[in-house]
Amino acid sequence: MLDMKLNLRGPTVEILELSAAEFPALFEHPLTWRDLSHVIVIPILADPTRVANEFGGLLYGTIWLAAFLLYLAFPAAAPTALGALRQFAPRPEVYWPIVSLCAFFPTLLLVETAMALAIADPQRPLLSGQVVYLAAMVILFEIIFLRFVMPRVRTEVAPDCPPAKQRTTCTCGSATAP
């Protein structure tokens, strides 16, 4: 079940050749973590929601980090659920941004509630006015990951390939390419 291809489509409708068993291996690669670190640091520093001044720096960063981890929890569980679904229904394709948005909206609701409680004003919407902007930002970060990072990670480290056979990259100044 876990080795079955998930029949996914990326944000630009490309086919994502991925199984539920391969998905966790993506998070073992340093390039994935470098990309994810950019995904968390950029919104914290840019403050796209314009609410950083409502919180202390540590609380604001903690809220964004918690939101990020909460957001990642759903797509991390989705491949297993899709693998089970594929046992019964190999079609239709699943458009990955729908999975992302299904993770995004509950995360947004929980984070907005936590933020409103942290500033003791539960009636004040902090993020819901920015929902289109935030959703677009999520999709943009996913396009970058799925189009540029994931293909490189998958060619450098195949989950079923022993470490001795992993692809190596050429270092600058070397006389021969790998």
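**Notes on a predicted helical and stranded model**

1. From the N terminus on, the elements of the protein follow the order β-β-α-α-α-β-α-α. Please keep in mind that this is a predicted model. In total, the protein has 5 helices and 3 strands.

2. A word on the overall picture. The protein has 178 residues, and buried residues make up 39% of them. Taking the contacts with a separation of 6 or more, 65% come from residues 24 or more positions apart.

3. Now the sheet. It is open, with 3 strands in the order β2-β1-β3 and mixed pairing. The edge strands, each pairing on one side only, are β2 (15-16) and β3 (94-95). Strand β1 (residues 8-9) runs antiparallel to β2, and 2 bridges join them.

4. V13 sits in the loop between β1 and β2, and its phi is near 65 degrees, a positive value in a residue other than glycine. Most residues other than glycine have a negative phi. Is V13 buried or exposed? V13 has a relative accessible area of 52%, and because exposed means over 50%, V13 counts as exposed.

5. D47 belongs to the loop between α2 and α3. Its relative accessible area is 13%; that is under 20%, so D47 is buried.

6. On to helix packing, with α2 and α3 to begin. Two packed helices are described by the angle between their axes and the distance between the axes. Helix α2 (residues 30-46) and helix α3 (residues 57-88) have axes that come within 10 Å and cross at roughly 140 degrees. Why are α2 and α3 described as oblique to each other? An angle over 145 degrees would be needed for roughly antiparallel, so α2 and α3 count as oblique. The crossing in which α2 passes α3 is right-handed. On the α2 side the contact is made by L36, V39, I40, P43 and I44, and on the α3 side by Y60, G61, W64, L65, F68 and L72. Sorted by class, this contact of α2 with α3 has 10 nonpolar residues, 1 polar residue and no charged residues.

7. Helix α2 also packs with helix α5 (residues 131-156), at an angle of about 165 degrees and with the axes 10 Å apart. That angle is over 145 degrees, which means that α2 is roughly antiparallel to α5. The crossing of α2 and α5 is right-handed. From α2, the residues in this contact are L31, T32, D35, V39, I42 and P43, and from α5 they are M137, F141, I144, F145, V149, R152 and V153. The class count for α2 with α5 is 10 nonpolar, 1 polar and 2 charged residues.

8. T32 lies in helix α2. How exposed or buried is T32? Its relative accessible area is 1%, which is under 20%, so T32 is buried. Setting aside neighbours within four places in sequence, T32 is in contact with L26, F27, F145, V149 and V153. Among these partners, F145, V149 and V153 are also listed for α5 in the contact of α2 with α5.

9. Last, α3 and α4. Helix α3 packs with helix α4 (residues 96-118) at an angle of about 150 degrees, and their axes are 9 Å apart. Because the angle is over 145 degrees, α3 and α4 are roughly antiparallel to each other. The crossing of α3 past α4 is right-handed. On α3, the contact is made by L59, I63, A67, L70, Y71, F74, P75 and A78. On α4, the contributing residues are W96, V99, S100, C102, A103, F104, T107, L110, V111, M115 and A118. By class, the contact of α3 with α4 has 17 nonpolar and 2 polar residues, with no charged residues.

Key: Residues are numbered from 1 along each chain as its sequence is written. This is a predicted model: local features need pLDDT of at least 70, side-chain atom pairs count only at pLDDT 80 or more; totals for chains, interfaces and linings use all residues. Side-chain values use heavy atoms; hydrogens and water are left out. Two strands pair if DSSP finds at least two bridges between them. Helices (H or I, at least four residues) and strands (E, at least two) are DSSP runs, numbered from the N terminus. Axes are lines fitted to C-alpha atoms, for helices over the stretch in contact, and angles run from 0 to 180 degrees between N-to-C directions. Angles under 35 degrees count as roughly parallel, over 145 as roughly antiparallel, 65 to 115 as roughly perpendicular and the rest as oblique. A crossing is left-handed if the near helix is turned anticlockwise from the far one by less than a right angle, and right-handed if clockwise. Contact means heavy atoms within 4.5 Å. Ala, Val, Leu, Ile, Met, Phe, Trp, Tyr, Cys and Pro count as nonpolar, Asp, Glu, Lys and Arg as charged, and the others, Gly among them, as polar. Buried means under 20% relative accessible area, exposed over 50%, partly exposed in between (1.4 Å probe, protein chains only).
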